[in-house]
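Open the model in your viewer, keep the sequence panel beside it, and select each residue as it is named. At each stop, ask yourself what surrounds your selection before you read on.

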Amino acid sequence: ASMLREMVRKRDSRLREAYLSYRGTENRDVMDSFLKMALPGTSSGLHIAHIAAEMAPVAKVGGLADVISGLGKALQKKGHLVEIILPKYDCMQVDQVSNLKVLDVLVQSYFEGNMFNNKIWTGTVEGLPVYFIEPQHPAMFFSRAQYYGEHDDFKRFAYFSRAALELLYQSGKKVDIIHCHDWQTAFVAPLYWDVYANLGFNSARICFTCHNFEYQGTAPARDLAWCGLDVEHLDRPDRMRDNSHGRINAVKGAIVYSNIVTTVSPTYALEVRSEGGRGLQDTLKVHSRKFLGILNGIDTDTWNPSTDRYLKVQYNAKDLQGKAANKAALREQLNLASAYPSQPLVGCITRLVAQKGVHLIRHAIYKTAELGGQFVLLGSSPVPEIQREFEGIADHFQNNNNIRLILKYDDALSHCIYAASDMFIVPSIFEPCGLTQMIAMRYGSVPIVRKTGGLNDRCL
Ligand code: ADP
């Protein structure tokens, strides 16, 4: 019931689809279809466990979070049993979890020669069952008031990968697919085949998706032993040793050890076979038969201007009046000039890192100002120099009523900007897939992009 209630609250389109497809049939059939949706274990689909560091909207930094919930919901809709395993971050948005409760069992997992207890929390996010792991470890791995950027990130996520597998193993679940994402949970692949399969936990096949080859998770080889992996066995050029220095590389380990490896667009899959692979191109070539690019999509329930509760006025492609009202509302909210409704408004929502073409974003801001348009940037940077640079630009324009820079993370505001913008820039130097250009299109804003990676596959 709670899962169905949550779906109603979110106006989940699966409810409508189920209702329409059973219209005119017996009440019992209608009940059955809703029950099936709420109790996915009753379906004959696959049992898929995603182990990830992010999930929207509960723990979101970027596109990885959107994909975990969007893909999870899409698979659930196809009748698969989907479960998500996340760290229990102290900074996560707990109000986005329904029925969050702690289980009365502790799961013990190995780390650095000792066994540690883990509290396991369960809840529902976007209609998906989620397990949150809270380690009882003195380093308080996930109580750091941020998701990433800690000095011991390698340790934090090696710990999490091990604990997540231990949870699946101890719960006796017969999982068909374990899907791990990015370097943070790349450890799952070698751990599964080198440790857990030997314990008889071997029903699953491992899928690894690399959402960005820029981040690979490297460390001195000895650090691999922390989570119980065998350093001598893995510190080899054909296994986990990095291709250009003596460290070990978590993403390389997942490429070697997974049954299937994907990345997030066909063009990026080609790019990473050369320089885009950031040193892993040769490994990808060796394993090319199990490597492919699949274009990400967006969750069209979350990103839907006709139901979006953050918007001043909801609208759709056939009735764009609402778009003008949202533009007026954003102008008022951000104290921008509003005399000319048709004055074009350019939006940009991004993490401010070199990959996103920060110099081109800066250029676009100044150029838009020069041409008499309006520009709204929503973004924040994990790089202090970039954050400072954009704070300088924000100050420069503070008395200009056509330009606004909002240098923080703000989910609600992001929805309003997509709705208000006429154009949306994504000038990335490289872009594995990119979701903002898709969201912009969904909100009737024209994306202006560089021809790279997923921007090439989705916009051109
Ligand atoms: P990446 O994963 O490289 O950051 P994507 O385009 O794949 O880039 O996904 C970015 C996601 O994060 C989008 O959902 C976008 O709306 C959101 N986002 C990025 N920056 C912010 C911000 N400052 N505030 C709110 N949402 C943001």
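**Starting from one tyrosine**

Select tyrosine 196, which counts as buried at 0% relative accessibility; here buried means under 20% relative accessible area, exposed means over 50%, and partly exposed lies in between, with a 1.4 Å probe and protein chains only. What you are looking at is a predicted model, in which local features need pLDDT of at least 70 and side-chain atom pairs count only at pLDDT 80 or more, while totals for chains, interfaces and linings use all residues. Residues are numbered from 1 along each chain as its sequence is written, and side-chain values use heavy atoms, with hydrogens and water left out.

**Two crossing helices**

Next select H6 and helix H8 (residues 250–257), whose axes come within 7 Å and cross at roughly 50 degrees. Helices (H or I, at least four residues) and strands (E, at least two) are DSSP runs numbered from the N terminus, and axes are lines fitted to C-alpha atoms, for helices over the stretch in contact, with angles from 0 to 180 degrees between N-to-C directions. H6 and H8 are therefore oblique to each other, since angles under 35 degrees count as roughly parallel, over 145 as roughly antiparallel, 65 to 115 as roughly perpendicular, and the rest as oblique.

Where do H6 and H8 meet? Show the side chains of Ala189, Pro190, Trp193 and Asp194 in H6, which meet Gly253, Ala254 and Tyr257 in H8; contact means heavy atoms within 4.5 Å.

**Paired rings**

Colour the aromatic residues, for a search of the whole structure finds 28 aromatic pairs. Rings of Phe, Tyr and Trp (its six-membered ring) pair if their centres lie within 6.5 Å, and planes under 30 degrees apart count as stacked, over 60 as edge-to-face and the rest as tilted. One of these pairs is edge-to-face, formed by tyrosine 89 and phenylalanine 142, at 5.6 Å centre to centre and with 85 degrees between the planes. Tyrosine 89 lies in the loop between strand E2 (81–87) and strand E3 (98–111), and phenylalanine 142 in the loop between strand E5 (128–135) and helix H5 (153–170), so the pair ties together parts that are 53 residues apart in sequence. Tyrosine 89 is buried, at 1%, and phenylalanine 142 is buried as well, at 2%.

Then return to tyrosine 196, which forms an edge-to-face pair with tyrosine 169, at 5.6 Å centre to centre and with 65 degrees between the planes. This pair links distant parts of the chain, with tyrosine 169 in helix H5 and tyrosine 196 in helix H6 (residues 188–196), 27 residues apart. Tyrosine 169 counts as partly exposed, at 30% relative accessibility.

Last, select leucine 378 in strand E13 (residues 374–380). Is leucine 378 buried or exposed? At 2% relative accessibility, leucine 378 counts as buried. Leaving aside neighbours within four places in sequence, the contacts of leucine 378 include Cys348, Ile349, Ile406 and Leu413. Arginine 404 is 26 residues from leucine 378 in sequence and 8.6 Å from it in space, C-alpha to C-alpha.
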